[in-house]
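Biologist: I would like to go through this model with you before I plan my reading of it. Could you show it to me, and then take my questions in turn?

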Amino acid sequence: MRTHVVVTGIGIVAANGLGTSDYWEATKSGTGGIGAVRRFDATGYPSRLSGEVPGFVAAAHLPSRLIPQTDHMTQLALVAADWALLDAGVDPARWPEFSIGVTTAASSGGFEFGQRELQNLWRKGGEYVSAYQSFAWFYAVNTGQISIHHGLRGPSGVLVSDQAGGLDAVAQGRRQIWKGMRVMVTGGVDASICPWGWVAQLTSRRMSTEDDPKRAYRPFDAEAAGHVPGEGGAILILEDADSARERGARVYGEIGGYAATFDPAPGSGRESGLRRAITLALADAGLSSGDVDVVLADAAGMPDLDRVEAAAIGAVFGPRGVPVTAPKTMTGRLLSGAGPLDLATALLSIRDGLIPPTINVVPASEYELDLVVAAPRTAPVNAALVLARGYGGFNSAMIVRRAVG
Amino acid sequence: MDIPELTIGELKDILRDAAGEGEEEVPDIKFPDTEFSDLGYDSLALLEVEGRIERRYGITLEDSGLAEAATPRLFLMAVNLQLAAQAAKWR
């Protein structure tokens, strides 16, 4: 009998809000944070927009000793983790030594840091490469730094599956709690807004080349032509439901179900694995499609990918059978941060009975989606489905729902 | 030619530059003899500091003498010994 796993803390860093309440205020009202790239001079590149976290000064939130050894994404992750633990009322120093672990997702590691050290290597020589490059670039570094900073000695790890990874990391956190952990720090924060990260992401050929932030990222629109990359994500505190109840913790909701599938090889003629991920997640949650009140879409923003996603949703829920939304139109696509931020958004929707809108989009009728646009929709939300697809064929689906009891 | 010598103040600056501020509660007078771990600096921080000293003086430091230096004072002594030895070679 699997124990119930609930979310007791949330920490958010996103382009339209630094911190959960800033983010939710902006998201509820459809206020986006996409604009011209500021972190580097992108004028020579085909894509020049990004979703950057506003007003983040690492030194204001972190001890000075962590600054030289951390990439920007790790600094964001550390702060999000601090806020999540605070939000959950979990002070690790007061918990048994091995009772809390960390599992995050990452897509690219510390690219900004790594680029700078590569430049040092090639322009000046090996002796100019920082000793901290040894780990600051590495995918697992967010897990590592969070765990060291808070003395979290439970089982820890990292999941790397591009944009699907964030959901996979939360699922792994859930597994660890089934295996006996009381608390797991999970989620993902990615930030690759630097020339090296930019060039890497451009190879996907899915980045928008539009300069108008209102027209650049329009998933499910007839004129969809790519996405805008963003930085940020969310850290979630997962907890054994009994543990949460015993200490009187505030519970946002439960991780109800999860599944991950992989697409067949291109050209095989077989359907993508997304529909199966949805049905398996529903089965894992013990729910039927009629129990789901909203779907937070992966929203690739490329016509062929939008078509696949719309078809999968339609196959399970029926045409216009469930409200669908993509709040990531306000933040950009966050790689490993996307899934956790969508989960956090879904939990806040459950709490407040409100579905945030998809901005800048006029949904194409061919997709037969009930896309929430123009304004937020007030509606009771008891269960939400979050979808995340990673480049190369990853499909992950996770269901969060109102906690019972 | 003058023998290059690193001072405690310069070491403190290099540490701060390379690895951030040390523990605030340690007063200046105690800094030289406080263990690096108590100051909040780990082995990678010291590796980074060694690299900066090497670049500054254009020398290669040998790890052996420095690895056991548990405090700034001992570290400084080991570094300055190596700087003096290098200067003697170049004469």
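Biologist: What area is buried between chain B and chain A?

Modeller: Please keep in mind that this is a predicted model. The size of an interface is often given as the accessible area lost when the parts come together. Carbon and sulfur atoms give 51% of that area between chain B and chain A, and the total is about 1000 Å².

Biologist: Which residues of chain B lose the most area to chain A?

Modeller: The contact takes 11 residues from chain A and 14 residues from chain B. On the chain B side, three residues together account for 50% of what that side buries, and they are B:Leu44, B:Glu48 and B:Arg55.

Biologist: Which element gives the most residues to the side of chain B that touches chain A?

Modeller: Two elements of chain B give two or more residues to the side that touches chain A, namely helix H1 (8-19) and helix H3 (43-57). The one that gives the most, with 5 residues, is H3(B).

Biologist: Which helix gives the largest share of the nonpolar patch in chain A?

Modeller: The patch covers about 440 Å² of surface and is made by A:Leu118, A:Leu121, A:Trp122 and A:Trp196. One of these, A:Leu118, is found in helix H3 of chain A, and A:Leu118 counts as partly exposed because its relative accessible area is 36%, which lies between the limits of 20% and 50%. The largest share of the patch, 3 residues, comes from helix H3 (residues 111-123).

Biologist: Is A:Phe220 buried or exposed?

Modeller: A:Phe220 is found in the loop between helix H7 (195-202) and strand E8 (232-240) of chain A, and its phi is near 70°, a positive value in a residue other than glycine. The limit for buried is under 20% relative accessible area. A:Phe220 has 0% relative accessibility, so it counts as buried.

Biologist: What is the phi of A:Asp162?

Modeller: A:Asp162 has its place in the loop between strand E6 (157-159) and helix H6 (165-178) of chain A. With a relative accessibility of 23%, A:Asp162 counts as partly exposed. Although A:Asp162 is not a glycine, its phi is positive, at about 55°.

How values were computed. Residues are numbered from 1 along each chain as its sequence is written. Chains are lettered from A and ligands numbered from 1 in the order in which they are written. This is a predicted model: local features need pLDDT of at least 70, side-chain atom pairs count only at pLDDT 80 or more; totals for chains, interfaces and linings use all residues. Side-chain values use heavy atoms; hydrogens and water are left out. Patches are made of residues with over 30% relative accessible area and no salt bridge: like charges are joined within 9 Å, nonpolar side chains (Val, Leu, Ile, Met, Phe, Trp, Tyr) within 5 Å. Accessible areas come from the Shrake-Rupley method with a 1.4 Å probe; for residues, only the protein chains shown count as cover. A salt bridge is a side-chain nitrogen of Lys or Arg within 4 Å of a carboxyl oxygen of Asp or Glu. Helices (H or I, at least four residues) and strands (E, at least two) are DSSP runs, numbered from the N terminus. Buried means under 20% relative accessible area, exposed over 50%, partly exposed in between (1.4 Å probe, protein chains only). Contact means heavy atoms within 4.5 Å. Buried area is the accessible area (1.4 Å probe) that two parts lose on being put together, summed over both.
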